[in-house]
Amino acid sequence: PQVTAAAKTLIRKLYGIQPVRSYFVGCSNGGRQAMIAAQRYPDLFDGIVAAAPGFRLTQASIQGSVYQAQIAAAIAPVGADGRPDISQPLSADDQATVRQRILASCDALDGAVDGMVSKMSACKPNPLTWACQAGESGNCLTPAKADYVKKLFDGAKTASGAQIYAPWPFDPGMAAQSANPFYTIFAGEASHIYTTPPTITADLLGYGLTASVDAEFAKLSATNATFQRSGNDFTNGESPNMDRFKARGGKLIMFNGAADLAFSIHDLEAYYNKVQSRYGAAEAAGFARTFFVPGMGHCSGGAY
């Protein structure tokens, strides 16, 4: 709000009038800020674009650090330091197998065999069936790697079975994302910022390999005498309540790539379902729309 107010003050001083319309476009953490603007500061912007929005950034950080580090460590090669190299859970051949298996299962579901998965809601293969059977050596995975791929797409769950963040869509572009390019970011955020009390350490790999998924998840909503607001409370923008934004005529566009390993389209889909439940599908579509892009990675780019 302070930056927007300063910008509008400069515009008024330079041009002599206030801006007629104000827009906000942000991706990733900027997408989170975009959704917070619609939910908490509805008077700031007339139109908002939230791309790959990390609106449940705290939950995503636990999945993207502790959970993914531990499932990758079970199959990763050992590095020079004697610890698992979690950046290499799948070889190039393994990634090619995952991609081909996804396409074989789901490419044709939309009626066009074009190297893309567009009907993602119907794409529900079981990666355990991609394990090599007796006599097979090509286009299959070792049982341990098939188990890893299933756990990756399923997403983190608590010991009681509650979903911590979200599962991932079976987009063929996800095969190349299995190395988790966002690990350091998520591990640093989860350990130092979102959890109460924080874990202050320079060893982010050690944090991911040894921390308890359940304990770190619980710490996202915890407070104490020093940290009096939880990580969830001061970080996330997951409320479907946009009454004031809607009433003033605000418009919101949200979109996410299906091959984005930072934030899942299934999480954004679940959020939009809550918006529809609050306002009704037709009324929600009048001010907020959501789009999913096959093959697109985080914010841009991707396999196609």
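Me: Before we look at single residues, what does "buried" mean here?

Reply: Buried means under 20% relative accessible area, exposed means over 50%, and partly exposed is what lies in between. Keep in mind that we are reading a predicted model. Take S22 as a case: its relative accessible area is 12%, so S22 is buried. This serine sits in the loop between α1 (2-15) and β1 (23-27).

Me: Which residues is S22 in contact with, leaving aside its neighbours within four places in sequence?

Reply: S22 is in contact with K8, L44, F45, D46 and G47. Two of those names, K8 and D46, will come back when we reach the charged residues.

Me: Let's step back, then. How many helices and strands does the protein have?

Reply: There are 12 helices and 4 strands. For overall dimensions, look at the C-alpha trace, which spans about 75 × 55 × 40 Å along its principal axes. The radius of gyration is 21 Å, which agrees with the value near 19 Å that a compact globule of 304 residues would have.

Me: What share of the residues is buried, and what does the surface look like in terms of atoms?

Reply: Of the 304 residues, 47% are buried. The accessible surface comes to about 14000 Å², and carbon and sulfur atoms account for 56% of that.

Me: How should I read contacts along the chain?

Reply: Ask how far apart in sequence the partners are. Among contacts between residues at least 6 apart, 68% join residues at least 24 apart.

Me: Now the charges. How many positive and negative side chains are there?

Reply: The protein has 25 positive and 24 negative side chains, with the centres of the two sets 11 Å apart. For pairs, the idea is to look for a side-chain nitrogen of Lys or Arg within 4 Å of a carboxyl oxygen of Asp or Glu. The structure holds 13 such salt bridges.

Me: Where do the partners R83 and D203 lie in the chain?

Reply: R83 is in the loop between α3 and α4 (92-106), while D203 is in the loop between α6 and α7. The two are 120 residues apart, so this pair links distant parts of the chain. Their side chains meet in a salt bridge at 3.0 Å, N to O. R83 counts as partly exposed because its relative accessibility is 29%, and D203 counts as partly exposed at 32%.

Me: And are K219 and E216 buried or exposed?

Reply: K219 counts as buried at 16% relative accessibility, and E216 counts as buried at 5%. Both lie in helix α8, 3 residues apart, about one turn of the helix.

Me: Last topic, the backbone. Which peptide bond is cis?

Reply: Omega is the angle to check. The bond from T196 to P197 is cis, with omega near -5°. P197 has its place in the loop between α6 and α7.

Me: Where do A52 and C299 lie, and what is their phi?

Reply: A52 lies in the loop between β2 and α3, and C299 is in the segment after β4 (288-293). A52 has a positive phi of about 40° although it is not a glycine. For C299, also a residue other than glycine, phi is positive and near 75°. A52 is buried, with a relative accessible area of 1%, whereas C299 is partly exposed at 26%.

Note on methods. Residues are numbered from 1 along each chain as its sequence is written. This is a predicted model: local features need pLDDT of at least 70, side-chain atom pairs count only at pLDDT 80 or more; totals for chains, interfaces and linings use all residues. Side-chain values use heavy atoms; hydrogens and water are left out. The radius of gyration is taken over C-alpha atoms; the globule rule is 2.2 Å times the number of residues to the power 0.38. Buried means under 20% relative accessible area, exposed over 50%, partly exposed in between (1.4 Å probe, protein chains only). Contact means heavy atoms within 4.5 Å. Accessible areas come from the Shrake-Rupley method with a 1.4 Å probe; for residues, only the protein chains shown count as cover. Lys and Arg count as positive and Asp and Glu as negative; His and the chain ends are not counted. The place of a charge is taken as NZ of Lys, CZ of Arg, CG of Asp or CD of Glu.
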